[in-house]
Each structure stands twice: as structure tokens, then as C-alpha cells.
Amino acid sequence: MSNDVIYHFTTLESFFNIITSGSLHIFDIIKSNDPKEGKFALESLNIVLNNISYKDKVELNERQWVEFRKAFLCLASDFKYPSPDYWMFCTSFCEIDEYNLIPLWQIYGGFGKGVAIGFNKEKLSQMSKSIEIEPIQYLTNDNMNQNTLEFIKENKNKTGEELCNAVKEYYIHSFRFKRKCFEYEHEVRLFAKSVDLSENMLCLEPIDDMIDFSFNHGKVKSYYKLPISMQNFECISEVFLGPSCPISIKEMRFFLYKKCGRYVNIRKADYLTCSKE
């Protein structure tokens, strides 16, 4: 797999909106369709702090345990149903394996009717000074719990605000981890911005101009607008049409030339399923 180009699988409608608006709308990942998004590390912290099998491993005295519990509740409000008051604006790309695209087309690419936009990773990273692009690390539950155990031991002597900040950083960094069962995605995640909603409660500070809101499917969703139209969408390397995409390569070429002002390489997947033979 090439590390130079990463692919964003999406529906044809979303692709049209990206090109016509000249920007990627990077939504708060916690509000995604995956109810487990953002919960992996929090659930692990809950397990390691409260599961009897970890009681001797964490090496916390009663005071230290109470401090960690307070720091967790400061972040997530509830051990059983954690819902941190954060916006984490990030979006997903894939380093594609040509012979393992079936689930990507089915889940993210409109069941093969959508497209995969190939972005040059270096040029995409230059769109904003604040963004980071990192590959996801796929961990088993045991791996995640071990990471959490090490985090607790490293921070067990901290208290109050210092510990709360450490737990917040632990949580923010956890968006680089996903469960092992998703390894087939070869996901690369673009982190645009994180926002702590507990700060600036009186709205005394200006809000980032790139943050905005949309309404669809009965929900108001926040998003971060990343402009990609600079220099004729130079960050787009190619457009990969799904096998059932209802637009031809020639039509797509005219559309992209009209909107982007330059030639963009286009290809189309032959089948929803793919064989090496």
C-alpha cells in the first residue's frame, strides 16, 4: 500500500457537496454513526479502575483511587454512560488494499454507488497548520486495558486539576486507537481540532471561524470546515468511482474540470467484490 495517497470513501451526494463547496466538512466524531466512537479508552479506564481483577495491578491506595474517580467524572460525568463535553473534529481516510475494498464500499461508499477521493497526504496536511494526520492503531481489549493500566501507574501521584488534565489528554489521544476487529479498514485519521465545551461558557472569546453547524436527519451537528479548493484542489490526486456509481468516467472528468479547473485522474472499480485471480 502507498502511504502517499489516502482515500476518503463517501456517497456521491457527499462527494458533490465537497467539490461544490470547496471544503471538507469534518464533523464531531463522537456524533458519528458508531456508538462506540470515543468510548474505547473511557470504557477501558472504567474497567481497570473498577474491575476486581485489576484491584492489585493498579497499585492505588484509597485516596489515589478517589482522585482518579473524580478526574474521570470531571471528564465524562458518568462511569456507565460516559459522554464527555468535547467536540473532536476528525475525519477518516484509508490506505487501500485493492483486494479488500468490499466492506469499505459497502459501509462508507454508498454500497458501491459512491466514490473514494484520493488525497495527497502531504498536500492535505498543508491545508491548515493545526491538523494532524496519523494512522489508527488497532488494539485488542487486553492491549487497551494494559495501556490504561500503565497510564494510571504513571499518573497515580497527581491530584486535582493536574490529574484532570492528564485524563483529558489520555482521552483526546485515545482517538488514535480502535478495536482490532476494524483492522481491515487501514484507517488514517485527520485530526482538525478539539474543543472543550466546559471552557468559554460565557462566550467571552471568539469562536473559530472554521467551526459551523448543519441540520440534517433531525440533528444539529457541529463541523470544522477545511478548505481544499486552494490551487484548484491540488490536494486531490484521483477520484475512484464505485462499481455501481451512476456517473461515467467521462462525465466525472467534465464535472471535475468544471469545478476544479484542472485534470484529475479518474478510475472505476470493476466489481464490488474483487479476486486476486
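# Reading side-chain features in a predicted model

Reply: Ring pairs link W87, F89, F213 and Y224 into a cluster, and since the model is a predicted one, this and everything below is a reading of computed coordinates.

Me: Where does F213 lie, and what else does F213 form together with F215 and V220?

Reply: F213 lies in strand 9, which covers residues 211-216. Together with F215 and V220, F213 forms a nonpolar patch on the surface, and the accessible area of the three comes to about 360 Å². F213 counts as partly exposed, because its relative accessibility is 44%.

Me: How many aromatic pairs are there, and what should I read from one of them?

Reply: The count of aromatic pairs comes to 13. One of them joins F15 and F255, whose rings are 6.2 Å apart centre to centre with 55° between the planes, a tilted arrangement. This pair links distant parts of the chain, since F15 is in helix 1 and F255 is in helix 9, 240 residues apart. F15 counts as buried at 1% relative accessibility, and F255 counts as buried at 17%.

Me: What kind of pair do the rings of Y171 and F175 make?

Reply: The ring centres of Y171 and F175 are 5.3 Å apart and the planes stand at 75°, so this pair is edge-to-face; the cut-off behind that reasoning is that planes over 60 degrees apart count as edge-to-face. Y171 is buried, with a relative accessibility of 1%, and F175 is buried, also with a value of 1%.

Me: How should I approach the salt bridges, and how many are there?

Reply: As a general idea, side chains of opposite charge can pair when their charged atoms come close. In this model the count comes to 13 salt bridges. One of them joins the side chains of K156 and E59, with 3.8 Å from N to O. That pair links distant parts of the chain, K156 being in the loop between helix 6 (141-155) and helix 7 (160-173), and E59 in the loop between helix 2 (40-50) and helix 3 (62-76), 97 residues apart. E59 is partly exposed, with a relative accessible area of 46%.

Me: Which parts of the chain does the salt bridge of E134 and R176 tie together?

Reply: The side chains of E134 and R176 meet at 3.0 Å, N to O. E134 is partly exposed, with a relative accessible area of 28%, whereas R176 is buried at 10%.

Me: Are K168 and D196 buried or exposed, and what do they form?

Reply: K168 forms a salt bridge with D196, and their closest N and O atoms are 3.1 Å apart. K168 is in helix 7 and D196 is in strand 8, 28 residues apart, so that definition of the elements by DSSP runs places the pair across distant parts of the chain. K168 is buried, with a relative accessible area of 18%, and D196 counts as buried at 12%.

Me: Which residues are linked with E185 in a network of salt bridges, and where is the place of E185?

Reply: The network of salt bridges links K178, E185, E187 and R189. E185 has its place in the loop between strand 7 (177-179) and strand 8 (187-196). E185 is buried, with a relative accessible area of 2%. Leaving aside residues up to four places away in sequence, E185 touches C94, L104, Y108, Y138 and K178.

Me: Which residues have the most contacts inside the largest nonpolar core, and which elements supply it?

Reply: The largest nonpolar core has 37 residues, and F119, L124, I236 and L256 have the most contacts inside it. The elements that each supply at least two residues of this core include helix 1 (12-21), strand 4 (115-120), strand 11 (236-241) and helix 9 (249-260). F119 touches, among others beyond four places away in sequence, I6, L24, F93, L124 and I236. Another core, of 34 residues, lies apart from the largest one, and among its residues are L42, M144, L163 and F177.

How values were computed:
Residues numbered from 1 in each chain as written. Predicted model: local features only at pLDDT ≥ 70, side-chain atom pairs only at ≥ 80, totals over all residues. Heavy atoms only, no water. Patch = residues over 30% accessible without salt bridge, like charges linked within 9 Å, V, L, I, M, F, W, Y side chains within 5 Å. Areas by Shrake-Rupley, 256 points an atom, 1.4 Å probe, with all protein chains shown as cover. Salt bridge = Lys/Arg side-chain N within 4 Å of Asp/Glu carboxyl O. Helix = DSSP H or I, 4+ residues; strand = E, 2+ residues; numbered from the N terminus. Buried < 20%, exposed > 50% of the residue type's maximum accessible area, 1.4 Å probe, protein only. Contact = heavy atoms within 4.5 Å. Core = buried A, V, L, I, M, F, W, Y, C linked by side-chain atoms within 4.5 Å. Phe/Tyr/Trp six-rings, centres within 6.5 Å; stacked < 30°, edge-to-face > 60°.
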